[in-house]
Amino acid sequence: MSELFQNLLRDPQSYIDGDYLAGHAFTREQIEAVHLAGLRKRFNELRGQVPVLDRLATEQGIDAIDSLEDAVPLLFPHTVYKSYPLSILERGQFDRLTRWLDGLTTIDLGKIDTAGVDSIDGWIKRLDEQTDMRLLHTFGTTGKLSFMPRMREHWIQSTTLTAHAIRDWNGHGTGPDLMSARLPMVQPGYRYGAGATYRGVEAMVKLWAGGDDNALFLYPDDYFSADIASLAGRLRAAEARGEQGRLELSPGLLARREEFAHREQQRPGRMKEFLQTAIRRFGGRDICLFAVWPILFEWAEQGLAEGMRGLFGTGSLLMSGGGSKGRVLPEDYREQIFDFLGYRRTFEIYSMSELMPGNPRCEAGNYHVPPVLVPFVLDPQTGKMLPRAGTQTGRFACFDMLPDTYWGGLVTGDEVTMAGWDEPCDCGRRSPYLHGTIRRFSEIQGGDDKINCAGAPEAHDRAMDFLLHAAG
Amino acid sequence: MQESMRVPFVLRGEIIDDCTVEHGGRHGQARFLTPDIESALGRLPLREPSRMADLYSLTMDDIVGYLARLGKALDVRTNRHMQEAFALSCRTSGLSEPILRYYYELIPQSFEPAVVREMAERLVGIDYLEGWVEQASALHTGVPTRVRAFGARCVHVIAGNVPMVSVGTVVRNAFTRSDAIIKTPSNDPLTATAIARTMVEMDRDHPLTRHMSVVYWKGGDESVEREIYDPRGVEKIVAWGGFASIKHVTRYLQPGLDLITLDPKHSSTIIGREAFADDVTLESVARRLALDIGAMNQEGCVNARVVYVQSGTDAEGLARANRLGELAIAALQQLPEFLSTPHKAFDAALKEEIDGLRYAGDEYVVYGGRKNEGAIIVSQNDAPVDFARQLACRVGNIVPLDDIDTAVRSVNAYTQTIGIFPETLKTQLRDRLSYQGAQRLVSLGAAALFEDAATPQDGIEPVRRMCKWIVEQTSDPVMLDNLARGTM
């Protein structure tokens with residue numbers, strides 16, 4: 001444990017190949033020391049290289065981080081990553097979008113040539129071609145995509161860290177070692193894309209499945225379009241305001257609508273075929289399945305009705321999350337799903353597109369914060385840090401110390417309840433944890449402006465519908 | 001937790017004070033108790049249209065006299081109901097106390113005889129309200145046709161952003177001799193109620209009192225609305241406000257029910273290059289801009305939000321726009337407190353958007369916006385911020401332009417008021433702005449003032465539409481007879 005502790009003080013990324021479980025067993029003093037060391041290191045390294053961070057630090061008059069409180073004014077509002085003007089996209093000014101992104105990363109984007117780029121997808125592809133950046137986009141809060149300047153190496157790191165978490169979360173070696181077990185990977189989604197759940201696929205296929213031959217996707221050759229996701233978000237926002245008739249579509253998007261339409265029309269049939277193929281190829285074997293609860297329940301409901309159950313090996317793994325939004329599931333939905341799948345090993349995390357590490361869910365239903373993530377609970381009114389003592393409810397903010405090319409400080413839109421500073425969780429782990437009751441502030445205030453992973457397909461469908469019926 | 005305020009119903013001269021149902025106010029601050037609307041539903045609509053007849057025993061002089069007495073009785077310094085309404089508004093409204101006080105003190109003025117007469121004359125025509133008016137015709141040679149404006153049975157779903165909406169509804173209902181059911185909003189549940197209670201105390205059997213009801217139910221409650229929006233008891237609905245509230249109402253539309261919508265709107269500003277003529281002019285323009293953004297704490301649809309400025313978009317142009325932004329935020333802080341104050345419940349989501357911009361490279365310059373003091377965001381290109389529709393709590397967005405046409409093209413049917421500087425630009429653009437959908441063109445600074453309020457609203461004449469326009473014609477009996485015989 002002290003080895004990990006010493007390593008983390010020096011280099012947060014040493015956690016990736018370090019002892020995952022030991023990171024959840026630090027003493028209070030060790031956690032504080034790791035947090036402060038990580039913040040200092042990243043601040044000192046990144047301030048001179050990330051213009052937006054430098055501007056914020058200058059404005060706040062902060063030149064050094066001496067305490068956790070010092071870091072709070074340096075956490076970015078989550079809106080920073082979508083603060084570009086939408087008109088840039090509408091007018092196809094991707095040079096300006098590049099310049100905007102340049103302010104958020106140490107990577108020099110000054111030489112990126114955006115000539116001929118006429119879509120977000122095209123812009124992301126251009127960045128892929130000319131840099132090691134593997135940009136991530138969200139699914140569009142209030143009509144705009146956030147863009148995170150993550151690097152190729154970061155995806156490898158977070159995929160590796162997740163594998164170690166799965167292997168060691170319940171004790172060293174208690175879970176499958178995805179890096180070597182070569183479990184077939186089953187995902188009812190897109191193989192390609194820069195959306196939050198798709199960008200990591202490349203590294204997972206390579207590092208976990210061992211190649212595309214050992215993986216199955218609903219859309220094995222297709223790319224999840226950022227342009228469609230962007231349109232879905234804008235459409236949702238316009239609908240909420242009664243301005244649906246006023247959306248203007250770029251010619252580039254209209255030109256591609258035949259292709260989108262074709263794929264969407266085939267979706268229900270393909271989903272059925274996908275499940276059949278998964279059973280044919282991998283039935284009875286241990287697999288690694290990624291799917292949100294509503295889709296799983298749909299499969300289980302139909303499958304159980306047709307007498308299908310116990311389809312996969314008991315050593316399989318389910319990676320799920322996303323809640324059950326948009327659909328009311330029966331109380332025993334998980335049991336039905338487990339019956340259908342034939343196994344119950346599930347790895348659930350609380351995370352968000354902006355963060356590299358996830359917070360695994362324990363037996364007590366809490367989400368544990370790994371040592372490379374500095375968690376804060378802020379007073380929702382004043383924005384001040386609430387003490388690291390007892391149980392505190394407020395706005396979740398955090399500092400992700402893994403990324404080394406962009407600033408990992410973020411104030412989220414989520415309300416959380418955090419504890420674990422004075423006494424360990426009921427599960428026995430000593431790391432600070434968030435209660436299972438996490439919700440969006442925007443929902444508390446009466447609206448719901450987030451299209452989360454589970455809600456995205458629905459919004460995506462509506463966007464398609466709009467695109468297909470739009471004049472042009 | 002503060003104690004829940006009681007909001008009784010006023011039903012045709014009767015006060016129902018059995019407050020058992022709790023409702024939440026906006027901004028998460030105040031809660032209030034009302035009677036159960038279910039128990040009042042049966043008596044609320046006027047099912048027998050003939051019961052409108054008592055209003056026609058009154059002359060316009062009677063109506064003006066009644067309203068004059070009412071106005072005097074509504075003095076917030078002495079009227080206990082108005083004091084309660086003021087106190088509750090201080091908790092439910094987006095306006096802060098000094099602004100509310102100013103509006104409450106203005107209320108009696110709206111009931112003065114000269115004001116009421118001018119409203120009736122210009123918004124309808126007193127002769128049409130008082131009797132049958134012969135229609136001159138160059139074509140028709142017989143007895144002239146007569147037209148008269150009758151009152152209608154009307155539900156008013158009113159807005160609560162300023163107390164003047166309640167006041168105007170009561171006055172309009174009286175001089176059109178209509179029957180009103182006012183559904184109050186949760187951000188101002190008591191002003192209309194206080195006026196109606198005062199009417200009951202003043203003269204409970206007066207026809208004008210008997211044709212006024214004020215109730216509250218939660219907008220969208222289908223079991224209530226299906227009963228009320230029924231053409232057997234109601235002929236017209238006047239719906240103010242947000243997209244959601246109007247969407248609720250449209251569910252119940254059917255033949256016999258006329259919907260008059262005062263849609264959700266936003267207003268903007270167009271400032272020509274003359275603003276930059278010299279420092280004195282620019283400072284004055286900034287002060288007037290602050291008025292358009294800040295008056296009524298930007299709670300009104302008339303308030304400026306996006307501000308198009310013909311500053312130019314090159315480096316010098318942006319510097320000019322930024323200078324205006326700097327002056328405007330300073331002017332905003334200087335506005336007298338009865339017009340504008342820092343917002344008491346600054347929109348948290350808007351704050352996050354502003355915080356995001358501050359570090360978004362060189363696309364925007366933000367003045368203010370640290371706490372609740374308001375903000376001026378200056379776009380460093382010719383496009384408004386993406387959250388332009390969310391601008392509130394004294395936040396304006398200056399958009400620099402090279403060509404004023406860009407501003408003209410941005411106007412549409414959602415644009416209510418446009419404050420314009422200078423006057424010559426207003427004259428020059430007024431027709432084109434009207435084609436685009438703009439509904440009210442004013443001098444920069446006057447957007448949220450109502451110097452001359454007896455005007456059309458949102459591009460329509462809602463008071464004329466509140467009336468039923470009845471035609472009476474007389475024809476020559478011999479001609480009709482011959483027509484029937486085929487002997488013409």
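Domains, sheet and chain contact in a predicted model

In this predicted model, the centres of domain 1 and domain 2 of chain B, taken over C-alpha atoms, are separated by 34 Å.

Q: What makes domain 1 and domain 2 separate parts of chain B?
A: The bounds come from an automatic or database domain assignment, and they place residues 5-264 of chain B in domain 1 and residues 266-443 in domain 2.

Q: How do you know that domain 1 of chain B touches domain 2 of chain B, and which classes of residue lie on the domain 1 side?
A: Residues are in contact if their C-beta atoms lie within 7 Å, and by that criterion 10 residues of domain 1 of chain B meet 12 residues of domain 2 of chain B. The domain 1 side of this contact holds six nonpolar and four polar residues, with no charged ones.

Q: Why are strand S15 and strand S19 of chain B called edge strands?
A: The open sheet of chain B has seven strands in the order S15-S16-S17-S14-S13-S18-S19, with mixed pairing. Strand S15 (364-368) and strand S19 (440-443) each have a single partner strand, so one side of each is left without a neighbour in the sheet. Direction ignored, neighbouring strands of this sheet are turned by 20 degrees against each other on average.

Q: How do you know that strand S14 and strand S17 of chain B pair?
A: Pairing requires at least two bridges between the strands, and S14 (residues 304-309) and S17 (residues 395-400) of chain B have four, in the parallel sense; the two strands therefore count as paired. Val309(B) stands opposite Pro400(B) in S17(B).

Q: What does helix H16 of chain B touch where it packs on the sheet?
A: Helix H16 (residues 423-436) of chain B touches strand S13 (266-271), strand S18 (415-421) and S19 of chain B, and its direction makes about 150 degrees with that of S18(B).

Q: How many residues of chain A and chain B are in contact, and what makes up the chain A side?
A: On the 7 Å criterion, 20 residues of chain A are in contact with 15 residues of chain B. Helix H3 (51-60), strand S1 (76-77), helix H5 (86-90) and helix H6 (94-102) of chain A each give two or more residues to that side, and H3(A) gives the most, with three. By class, the chain A side has nine nonpolar, six polar and five charged residues.

Q: What share of chain A is called buried?
A: A residue is buried if 20 or more other C-beta atoms lie within 10 Å of its own, and buried residues make up 48% of the 472 residues in chain A.

Methods:
Residues are numbered from 1 along each chain as its sequence is written. Chains are lettered from A and ligands numbered from 1 in the order in which they are written. This is a predicted model: local features need pLDDT of at least 70, side-chain atom pairs count only at pLDDT 80 or more; totals for chains, interfaces and linings use all residues. Axes are lines fitted to C-alpha atoms, for helices over the stretch in contact, and angles run from 0 to 180 degrees between N-to-C directions. Two residues are in contact if their C-beta atoms, placed from the backbone, lie within 7 Å. Ala, Val, Leu, Ile, Met, Phe, Trp, Tyr, Cys and Pro count as nonpolar, Asp, Glu, Lys and Arg as charged, and the others, Gly among them, as polar. A residue is buried if 20 or more other C-beta atoms lie within 10 Å of its own, exposed if 12 or fewer, and partly exposed in between; C-beta atoms are placed from the backbone.
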